[in-house]
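Hi,

Here is the structure I promised to pass on to you.

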Amino acid sequence: MTKQRLVVVGNGMAGARTVEEIVERGGMERYDVTIFGEEPYGNYNRILLSEVLSGSHDPQAIFINALDWYAERGITLHAGVPADNIDRADRVVRGGLVHEPYDVLILATGSRPLVPRLDGLHRADGKWKQGVFVFRSLDDCSRIAGYAKGRARAAVIGGGLLGLEAARGLLTHLPEVHVIQRESTIMNLQLDSRAGRMLQTTLQDMGIQVHTGTATTAMLGREKVSGLQFESGEILDCDMVVMACGILPNVQLARDAGLAVERGIVVDDQMRCVDDPNVYAVGECAQHRGQVYGLVAPLWEQARVLAEHLSEANPAATYEGSRLYTRLKVMGVDLATMGAKDSDDPEDEVILYSEPSRGVYQKLIVRDNQLAGAILLGDTAAASSLVQLFDRGTPLPQRRADLLFPSGATPAVTAPEQLPDDVQVCNCNGVSKGTIVASVKSGKRSLSAVCAATRAGTGCGSCKDLVRRITEWASDGQLEEDVTAHYYVPGVPLAKPELIAAIKELGLRSVSAVFGALTGGLEDAGSKTGLASLLKTIWGAEYEDERDARFINDRVHANVQKDSTFSVVPRIYGGVTSSAQLRRIADVADKYNVRMVKITGGQRIDLLGIAKEDLPGAWQDLDMPSGHAYTKAFRTCKTCVGTDFCRYGLGDSTALGIAIEKRFQGIEAPHKMKLAATGCPRNCAEATTKDLGAIAIEGGRWELYIGGAAGSTVRKGDLLCTVDSHDDVLRFMGRFMQYYREQAKYLERTYSFVERIGIERLRQALVEDRESICQRLDAEIEAAVRAYEDPWREGRAPLHRHQFVSTLPAGDAGERLAAVSA
Amino acid sequence: MMRVLPNQRQPAAVRSEGAFNLGPPGQIPIGEAREFDLPGQRVAVYHARDGRLYATQASCPHLGGKLADGVVGGAVVICPLHGYRYDLRDGRVLNGACDRLRTFPVWLSTGGDVMVQLEV
């Protein structure tokens with residue numbers, strides 16, 4: 001196939017991003033790409049310009065693609081060559097001496113600053129007065145910063161997003177900055193008048209003086225600007241003026257070429273010009289469904305759709321307009337807005353929270369139970385969750401306050417932008433916010449890619465939400481959806497329900513059978529243990545166990561330690577032991593040179609430092625069943641003394657704990673389950689922070705809590721039901737366990753699972769039996785209980801002669817282990 | 001059944017010194033790995049489910065985890081201690097930053113035994 005000639009006019013964020021997206025989709029096989037770029041650089045991130053002006057970013061750091069990026073990919077970049085005209089009849093773009101014929105043309109000409117008509121803007125020679133700037137390009141930035149040095153007072157015309165960012169940037173270079181806003185409030189496109197006034201107060205406290213309702217009529221001074229004159233006749237003396245009054249799409253080139261142009265170049269849902277199927281427009285120069293966008297997120301969405309279409313990765317991709325989301329990137333001000341700022345529909349719900357003394361103002365507009373708009377000023381902690389609800393049109397929780405103030409024990413959420421770069425986000429792997437942000441800037445655009453590259457969130461996982469929010473923030477909302485996030489395991493492209501259906505339909509009883517049938521035989525190391533867990537739950541006794549699909553702990557039924565020895569925790573039902581048992585344990589500790597004997601948090605005894613080869617012997621000498629302290633399964637049921645001795649005891653918690661443990665020992669699950677039974681509401685066994693917990697209350701009854709946690713996450717469990725007997729505790733516990741085994745994602749602890757499903761729904765399903773599943777759940781867990789076998793019995797009859805061998809000594813392979821003779 | 005795969009033919013320029021016979025592949029349960037204590041160093045030998053064999057240094061460059069205890073899938077091993085993943089073909093780490101594993105040529109002898117070539 002001969003390649004088509006793709007010419008792109010414009011190397012700004014839209015043009016370059018489109019090319020980048022085309023490259024990523026293998027489009028270089030189809031196209032020879034040529035770009036006209038007006039600026040003599042590669043491509044840079046214009047939205048960070050205010051950071052450059054304020055000095056928080058080095059100009060070099062905002063380059064997305066330097067010149068060699070283009071060369072490496074075989075892209076011709078005419079840097080510093082503006083396109084002069086387009087000949088649509090001959091399909092040629094001309095710029096200076098360059099003539100580039102095209103088959104497909106993309107116009108990404110961007111926009112330019114709107115310059116208000118002001119008397120006295122120009123000098124006699126037609127140029128602007130000295131000290132007058134627009135704020136648009138990297139060059140503008142360095143010129144503004146250079147000129148500001150040593151001067152006293154700057155004025156910014158325009159109190160919109162860009163004007164305020166410019167003002168804050170200027171404040172780092174000179175002592176006095178004024179913002180002149182024609183409208184009655186600042187950021188009037190995004191903020192209602194109350195929020196606008198409150199923001200104004202915040203800015204004034206920072207030293208930015210804001211003049212609203214003030215129309216500028218003239219610039220004063222001869223060669224240099226010396227002041228501004230307003231409609232009221234008042235005058236403001238100043239040494240420099242930055243104009244930030246909005247943008248005008250650059251459409252002259254398109255208009256001259258006879259393309260349909262209104263405010264922008266008119267395009268359809270594939271970003272194609274309505275009157276020429278070979279010409280496309282993307283970014284700020286394009287007008288789509290009557291809308292011209294000046295923000296980065298829409299431009300990226302457009303670039304993606306266009307690339308999908310042109311690369312034929314998805315020729316039918318369509319752009320359907322963007323939902324607008326804005327953040328003011330000004331040091332010391334937290335502001336995020338999305339969608340509508342005001343409501344005039346009486347059907348709308350408006351939720352308002354205001355705390356003027358802290359400069360906090362939060363407003364939500366709810367329409368048809370979806371988020372239609374939000375203003376978050378002074379506290380943007382809820383922004384990243386709100387923007388997702390807004391983007392996806394998700395139905396909202398009934399308690400609207402939960403949108404702004406999540407209830408429960410969840411700690412206050414920190415907004416990513418408030419964190420300093422060096423703050424450690426992942427405390428397991430020591431990954432800082434700066435490292436995560438750098439990874440996003442280097443091109444990682446999905447959460448899993450960032451986690452894989454930085455290892456953030458790959459330890460205990462409790463920081464994963466923060467990592468996600470930082471990643472979302474750093475990518476300006478352009479996070480690619482992680483397709484694998486919906487898969488049960490990353491290596492098999494199916495969500496849990498579909499995977500279960502396929503496994504059942506095809507009768508896949510082993511992990512290798514799943515890979516054989518569902519991934520074309522491609523085996524993924526990271527998916528094996530998850531599949532093994534699922535298959536065991538689905539097939540029970542019919543599961544074809546392949547030991548290589550197990551984690552080492554589950555192959556040798558002990559917990560691997562940092563020195564590759566193992567820990568041995570025998571089952572001590574309910575934490576109740578005896579002197580005879582303790583003697584045996586002590587003998588084993590001596591015989592196998594156990595280096596530490598430790599009482600665990602779950603009231604067990606842990607023998608640490610046992611070699612793999614010694615495991616079968618230790619088990620045999622202990623003559624106690626496995627305590628399953630190494631696996632994703634029922635672990636322990638912690639108990640308090642209960643009625644036998646305790647003077648407060650209301651229920652026999654030790655007897656219940658022992659019964660629980662005898663019944664559920666060895667029950668495997670998506671993650672571990674730690675239980676407790678406690679004899680009175682003093683809750684000495686801490687049953688409210690266990691995966692499942694029972695608390696005796698007066699009247700011979702038991703409260704059953706689920707979804708509690710007191711590890712990396714702290715959560716008080718939810719009350720599932722209150723029952724009258726030990727048997728009922730066992731019944732409801734088993735029912736919940738089976739439901740969790742079937743419904744939870746792999747490695748999802750009950751505290752996440754219960755929160756995700758919701759306690760109301762769990763009560764309806766498991767107590768009220770609204771889904772008519774209880775009988776089946778009870779039968780399934782009963783079958784799993786009956787299938788229990790103590791895994792430590794394998795010590796007497798290993799499955800493979802080297803099951804408990806870690807290192808084969810040189811002599812083991814017999815006389816054959818010898819240097820090969822030539 | 002055991003297949004002799006192209007990447008496991010005896011290296012053309014095999015040197016007799018440093019080549020060891022480790023016995024039949026069945027010593028290593030299918031899909032798993034075992035560590036071999038060879039003169040001067042320990043080597044992890046992997047017996048992948050597709051029949052391919054790989055050999056690398058025995059311990060993880062991160063904190064010394066025993067790679068032979070790791071989960072093996074395709075040509076990847078996951079260290080049992082902290083989950084670092086390595087490509088068994090070239091020893092490259094696949095997540096995070098860690099040194100490359102040393103890898104060793106491994107093949108089946110004409111008698112069907114696992115052969116490994118150490119650096120000399």
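**Parallel strands in chain A**

Strand β1 (residues 4-9) of chain A runs parallel to strand β9 (residues 104-107) of chain A, and four bridges pair the two. Strands here are DSSP runs (E, at least two residues) and helices are DSSP runs too (H or I, at least four), numbered from the N terminus; two strands pair if DSSP finds at least two bridges between them. As a reminder, strands of a sheet pair through backbone hydrogen bonds, either parallel or antiparallel.

Before going further, please note that this is a predicted model, in which local features need pLDDT of at least 70 and side-chain atom pairs count only at pLDDT 80 or more, while totals for chains, interfaces and linings use all residues. Residues are numbered from 1 along each chain as its sequence is written, chains are lettered from A and ligands numbered from 1 in the order in which they are written, and side-chain values use heavy atoms, with hydrogens and water left out.

Back to β9(A). Within that strand, Leu107(A) is the bridge partner of Val9(A). β9(A) also runs parallel to strand β21 (residues 279-281) of chain A, joined to it by three bridges, with Ile106(A) opposite Tyr280(A). Both faces of β9(A) are covered: Val104(A) and Ile106(A) are buried on one side, and Leu105(A) and Leu107(A) are buried on the other. Buried means under 20% relative accessible area, exposed means over 50%, and partly exposed lies in between (1.4 Å probe, protein chains only).

Thr337(A) is in strand β24 of chain A. Thr337(A) counts as buried because its relative accessibility is 3%. Setting aside neighbours within four places in sequence, its contacts (heavy atoms within 4.5 Å) are Gln190(A), Leu191(A), Leu324(A), Tyr325(A), Thr326(A), Ala374(A) and Ile375(A).

Ser343(A) sits in the loop between β24 (335-339) and β25 (349-355) of chain A. Its relative accessibility is 28%, so Ser343(A) counts as partly exposed. Not counting residues up to four places away in sequence, Ser343(A) touches Asp348(A), Val350(A) and Ile365(A). With Asp348(A), the side chains make a polar contact of 2.8 Å. A polar contact is a pair of N or O atoms within 3.5 Å; within protein, one must be able to donate a hydrogen and the other to accept it, and residues adjacent in sequence count only if both atoms are side-chain atoms. The side chain of Ser343(A) also reaches the backbone oxygen of Asp345(A) at 3.3 Å.

Chain B has zero helices and nine strands, and 59% of its 120 residues count as buried. Among contacts in chain B with a separation of 6 or more, 42% are between residues 24 or more positions apart.

Four salt bridges cross the interface, each defined as a side-chain nitrogen of Lys or Arg within 4 Å of a carboxyl oxygen of Asp or Glu. One salt bridge joins the side chains of Lys612(A) and Asp69(B) (2.6 Å, N to O).

β41(A) runs parallel to strand β2 (residues 33-38) of chain B, with two bridges joining them, and Leu808(A) stands opposite Phe36(B). The open sheet has four strands in the order β41(A)-β2(B)-β3(B)-β4(B), with mixed pairing. Its edge strands are β41 of chain A and β4 (53-57) of chain B, each of which pairs on one side only.

Best wishes
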